[in-house]
Amino acid sequence: MIKTTGLLIITTLCTLTLNAQSIPETGNVGIRANITGQTSIEVPYMLNESLSIAPFIGLNATQDQTTNFVLGVRPRYYINSENSFATYATGTLGISNTSINNANTSITDFNIGVGYGAEYFFSENFSVSGDANLNSRVGDSANNLSTALRISASFYF
């Protein structure tokens with residue numbers, strides 16, 4: 001059973017690789033989710049063959065402790081695309097609000113970030129991407145400079 005499942009997975013990956021596509025066409029819309037630490041859902045829209053913009057929304061709650069709401073946009077500028085593989089520069093511009101339940105207080109921050117990554121298109125409808133980011137947070141909480149690594153999967157319509 002395990003050998004059959006392994007063989008099926010390898011065959012599927014080889015087939016997907018042989019049919020790999022390039023960047024989605026202008027006007028395509030998708031949905032993107034982080035594989036590492038799900039915190040938001042993005043809706044990428046291809047403005048042209050080099051630029052996409054992805055509004056995002058996120059909600060994260062810890063029972064009887066905090067609730068965090070995030071809203072923003074993540075653009076991607078595709079620098080280089082070789083058939084199914086593309087590199088891109090990315091950014092983040094957003095706002096977050098954290099409510100602390102037991103203290104009846106709220107913290108609002110503005111977030112800005114830059115990054116660089118790569119995306120592999122398995123088909124014209126599915127891709128996986130990874131990027132490294134440098135982020136800054138300014139607002140009610142202490143100013144913060146941080147790094148982040150995101151791995152995402154996208155489905156385009």
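Visitor: Which residue in β7 is the bridge partner of G91?

Guide: In β7, G91 has V114 as its bridge partner. The strand labels follow DSSP runs numbered from the N terminus, with strands (E) of at least two residues and helices (H or I) of at least four.

Visitor: What kind of model is this, and how are residues numbered?

Guide: This is a predicted model, in which local features need pLDDT of at least 70 and side-chain atom pairs count only at pLDDT 80 or more, while totals for chains, interfaces and linings use all residues. Residues are numbered from 1 along each chain as its sequence is written, and side-chain values use heavy atoms, with hydrogens and water left out.

Visitor: Back to β7, then: how does β6 pair with it, parallel or antiparallel?

Guide: Strand β6 (residues 85-100) and strand β7 (residues 105-121) run antiparallel, with 16 bridges between them; pairing here requires that DSSP finds at least two bridges between two strands. The two form a hairpin with four residues between them, and N104 in that turn has a positive phi of about 55°.

Visitor: And what does V114 pair with in β8?

Guide: V114 has L134 as its bridge partner in β8. Strand β8 covers residues 126-139 and pairs with β7 in the antiparallel sense over 13 bridges, and the hairpin joining β7 to β8 passes through four residues.

Visitor: New topic: where is N143, and is it buried or exposed?

Guide: N143 lies in the loop between β8 and β9 (144-156). N143 counts as exposed because its relative accessibility is 58%, given that exposed means over 50% relative accessible area, buried under 20% and partly exposed in between (1.4 Å probe, protein chains only).

Visitor: What does N143 touch?

Guide: Leaving aside residues up to four places away in sequence, N143 touches R137 and V138, where contact means heavy atoms within 4.5 Å. The C-alpha atoms of N143 and D109 are 8.9 Å apart, although 34 residues separate the two along the chain.

Visitor: Where does L47 sit, and how accessible is L47?

Guide: L47 is in the loop between β3 (45-46) and β4 (51-62), and L47 counts as partly exposed because its relative accessibility is 41%.
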